[in-house]
Amino acid sequence: MGGVTAPLTVVPDLDDLARLVGNGNAVVLSGAGLSTDSGIPDYRGATGSLRRHTPMTWQTFTRDPRGRHRYWARSFVGWRQIAGARPNAGHRAVAALQDAGLVGGIITQNVDGLHQAGGATDVLELHGGLDRTVCLQCGDVAPRAELDLRLREVNPGFRPEPVDDEVNPDGDVELPEEALDGFVMVDCLACGGGPLKPDVVFFGETVPPDRVAAAYAAVCSARSLVVLGSSLTVMSGYRFVLRAEKEGIPVAIVNCGPTRGDDKADVRVDAPLGSVLPALADRLAR
């Protein structure tokens with residue numbers, strides 16, 4: 001009689017969401033909230049990263065060599081957790097809905113590659129991907145794993161203790177300032193001297209116009225736009241909700257907590273994605 005009963009996971013009424021997605025040709029817009037169950041924190045949720053640290057900005061990375069060095073030292077340590085993250089039930093449910101022909105394209109604000117790892121295809125990475133690097137001098141794009149091997153070779157003894165165990169959404173961890181001098185960074189192999197940057201869009205950086213145009217085209221050709229795990233605080237994602245509204249395309253938002261787009265939503269579900277999406281896929285993707 002002393003046993004502890006695990007709390008029940010309560011799945012909200014999904015009828016409206018199921019009807020919308022069941023019409024087919026839904027385009028998904030996903031945010032950081034979809035990856036929190038994989039161990040990657042979001043920026044603005046209850047435990048969001050912005051509550052604890054200032055994310056790397058384009059201006060700092062390109063104009064401040066010390067700031068760039070700090071990012072790469074922290075990212076060298078944080079990359080282990082990003083590379084080891086695995087897709088969760090929400091990612092797999094989106095892939096199942098896509099495989100069933102109900103979800104078309106996926107626009108993701110995430111840079112972790114977990115949609116693809118979960119089986120999804122036709123994924124437009126709005127903000128790029130941490131699994132690649134780009135040279136700021138010659139533009140060469142290379143696998144992040146290649147850089148990691150090079151950094152391991154030149155930093156055999158660099159094993160600082162992070163301030164905490166949590167990786168930030170932009171792929172780095174908090175390190176003591178005094179640890180930074182022990183880190184050695186390498187340059188681009190293709191041109192022999194260009195500084196490297198993760199192939200992601202930092203805060204303050206502009207998303208490439210052709211990528212934005214492709215996302216708009218996907219939204220405008222959809223029967224519905226389904227927002228998953230995004231607060232829509234920044235215009236980078238919110239603009240697609242505005243475009244859907246303008247085009248008369250219904251919008252569904254599934255997110256824990258309020259979003260900037262709530263008054264634009266035809267369907268609103270405030271519940272954990274790890275509960276909602278598997279239940280939705282179980283209902284529609286059999």
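Predicted model: local features only at pLDDT ≥ 70, side-chain atom pairs only at ≥ 80, totals over all residues.
1. Residues are numbered from 1 along each chain as its sequence is written, and side-chain values use heavy atoms, with hydrogens and water left out.

2. On the overall make-up: the protein has nine helices and nine strands, where helices (H or I, at least four residues) and strands (E, at least two) are DSSP runs numbered from the N terminus. Of the 286 residues, 49% are buried, a word that stands for under 20% relative accessible area, with exposed meaning over 50% and partly exposed lying in between (1.4 Å probe, protein chains only).

3. When contacts (heavy atoms within 4.5 Å) between residues at least 6 apart in sequence are considered, 71% of them join residues at least 24 apart.

4. On α1 and α9: helix α1 (residues 15–22) packs against helix α9 (residues 273–284) at an angle of about 60°, with the axes 11 Å apart; axes are lines fitted to C-alpha atoms, for helices over the stretch in contact, and angles run from 0 to 180 degrees between N-to-C directions. That angle makes α1 oblique to α9, since angles under 35 degrees count as roughly parallel, over 145 as roughly antiparallel, 65 to 115 as roughly perpendicular and the rest as oblique. The contact brings together D15, L17, A18, V21 and G22 of α1 with V276, L280, R283 and L284 of α9. By class it has six nonpolar, one polar and two charged residues, where Ala, Val, Leu, Ile, Met, Phe, Trp, Tyr, Cys and Pro count as nonpolar, Asp, Glu, Lys and Arg as charged, and the others, Gly among them, as polar.

5. On α4 and α9: helix α4 (residues 89–99) also packs with α9, at an angle of about 25° and with axes 8 Å apart, and the two are therefore roughly parallel to each other. On the α4 side the contact is made by A89, G90, A93, V94, A96 and L97, and on the α9 side by L277, P278, L280, A281 and L284. These residues divide into 10 nonpolar, one polar and no charged.

6. On α3 and α6: the axes of helix α3 (residues 65–84) and α6 come within 11 Å and cross at roughly 110°, which makes α3 roughly perpendicular to α6. W72, S75, F76, W79 and R80 of α3 meet R144, L147, D148, L151 and R152 of α6, and this contact divides into five nonpolar, one polar and four charged residues.

7. On loop residues with positive phi: N25, in the loop between α1 and β1 (26–30), has phi near 50°, a positive value in a residue other than glycine, and N25 is partly exposed at a relative accessible area of 33%. D122, in the loop between α5 (114–117) and β3 (123–125), has phi near 55°, again positive in a residue other than glycine, and D122 counts as exposed at 58% relative accessibility.

8. On G157: this glycine sits in the loop between α6 (144–154) and β6 (196–200) and counts as exposed at 64% relative accessibility. The C-alpha atoms of G157 and G182 are separated by 8.6 Å, although the two residues are 25 apart along the chain.
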